[in-house]
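User: I would like a close look at the charged side chains of this protein and how they pair with one another. Please give the criteria along with the findings.

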Amino acid sequence: MSEAVVETERLRLRVPLAEDRATLHGWFGDPQVMADLAPAMDATGADAAIARHDSYRGEGLGFWLVERRADGEAVGFCGLKRCNPGTPLVGRLEIGWMFGPAHWGQGYAREAAAACIDWAWVHCREDRIIAITARVNAKSQKLMERIGMRAEPSLDYQHPAFAEGDRLRDSVVFVIDRPAA
């Protein structure tokens with residue numbers, strides 16, 4: 001088991017290991033999980049997504065596997081990365097998450113995301129963290145609000161990874177600013 005990067009009362013967030021790939025492939029390939037994120041991916045696409053997240057490890061960033069401390073069961077994938085090239089927010093610090101359907105509605109996403117934000121204020125220099133999702137992804141937007149983020153309509157954009165007319169193209173941006181010292 002790799003060392004925890006972040007821990008909460010119920011969760012441990014750690015760098016994914018090779019043996020976590022099957023679980024991650026399952027989530028990236030699940031149409032229910034991916035419904036408001038992106039098209040479901042095959043193993044090759046999932047490996048490419050995992051590799052993109054691994055590319056941020058040199059900065060201490062990337063998405064981490066979220067597991068329950070009580071039994072080590074993987075429940076999600078959550079963390080921080082740089083916004084994608086080709087978008088108007090390229091390079092900004094972005095938080096995101098993806099959780100397995102069996103673990104929805106249990107507060108894990110809120111707990112993990114809040115812990116990632118707390119971690120960022122200690123380990124990163126940015127004064128702001130953003131979150132991006134499709135306008136149709138109301139569940140993620142509600143979670144963004146629950147962790148203290150607010151909508152920033154001046155940053156909303158049409159995501160270039162999605163074709164004109166795709167329901168996921170219209171992207172909304174939420175922000176949270178570094179707390180005053």
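Which residues are linked in a network of salt bridges?

Analyst: This is a predicted model, in which local features need pLDDT of at least 70 and side-chain atom pairs count only at pLDDT 80 or more, whereas totals for chains, interfaces and linings use all residues. Residues are numbered from 1 along each chain as its sequence is written, and side-chain values use heavy atoms, with hydrogens and water left out.

The network of salt bridges links Glu 7, Arg 12, Arg 14, Asp 20, Glu 67 and Arg 69. A salt bridge here is a side-chain nitrogen of Lys or Arg within 4 Å of a carboxyl oxygen of Asp or Glu, and the structure holds 21 of them.

Some individual pairs can be described in detail. Arg 135 and Asp 170 meet through their side chains in a salt bridge with an N to O distance of 2.6 Å. Because Arg 135 lies in the loop between β6 (128-134) and α5 (138-146) while Asp 170 belongs to strand β9 (residues 170-177), this pair ties together parts that are 35 residues apart in sequence. Helices (H or I, at least four residues) and strands (E, at least two) are DSSP runs, numbered from the N terminus. Arg 135 is partly exposed at 41% relative accessibility, and Asp 170 is likewise partly exposed, with a relative accessible area of 25%; the classes are buried for under 20% relative accessible area, exposed for over 50%, and partly exposed in between (1.4 Å probe, protein chains only).

Strand β9 also holds Asp 177, which is paired with Arg 150 of strand β7 (residues 150-151). In this salt bridge the closest N and O atoms are 3.0 Å apart, and the two residues, 27 apart, link distant parts of the chain. Arg 150 has a relative accessible area of 38% and is partly exposed, as is Asp 177 with 31%. A further salt bridge joins Arg 57 to Asp 54, with the closest N and O atoms 3.1 Å apart, and Asp 54 counts as partly exposed at 30% relative accessibility.

Other charged side chains belong to a surface patch. Arg 110, Lys 139, Lys 142 and Arg 146 form a positive surface patch, and α5 contributes the largest share of it, 3 residues. Such a patch is made of residues with over 30% relative accessible area and no salt bridge, with like charges joined within 9 Å. Lys and Arg count as positive and Asp and Glu as negative, while His and the chain ends are not counted, and the place of a charge is taken as NZ of Lys, CZ of Arg, CG of Asp or CD of Glu. Accessible areas come from the Shrake-Rupley method with a 1.4 Å probe. Arg 110 is found in helix α4 (residues 108-123) and is partly exposed, with a relative accessible area of 36%.

The structure holds 3 aromatic pairs, where rings of Phe, Tyr and Trp (its six-membered ring) pair if their centres lie within 6.5 Å, with planes under 30 degrees apart counted as stacked, over 60 as edge-to-face and the rest as tilted. The ring centres of Phe 28 and Phe 77 are 6.0 Å apart and their planes stand at 80°, so this pair is edge-to-face. Phe 28 is buried, with a relative accessible area of 6%, and Phe 77 counts as buried at 1%.

Terms used:
Patch = residues over 30% accessible without salt bridge, like charges linked within 9 Å, V, L, I, M, F, W, Y side chains within 5 Å.
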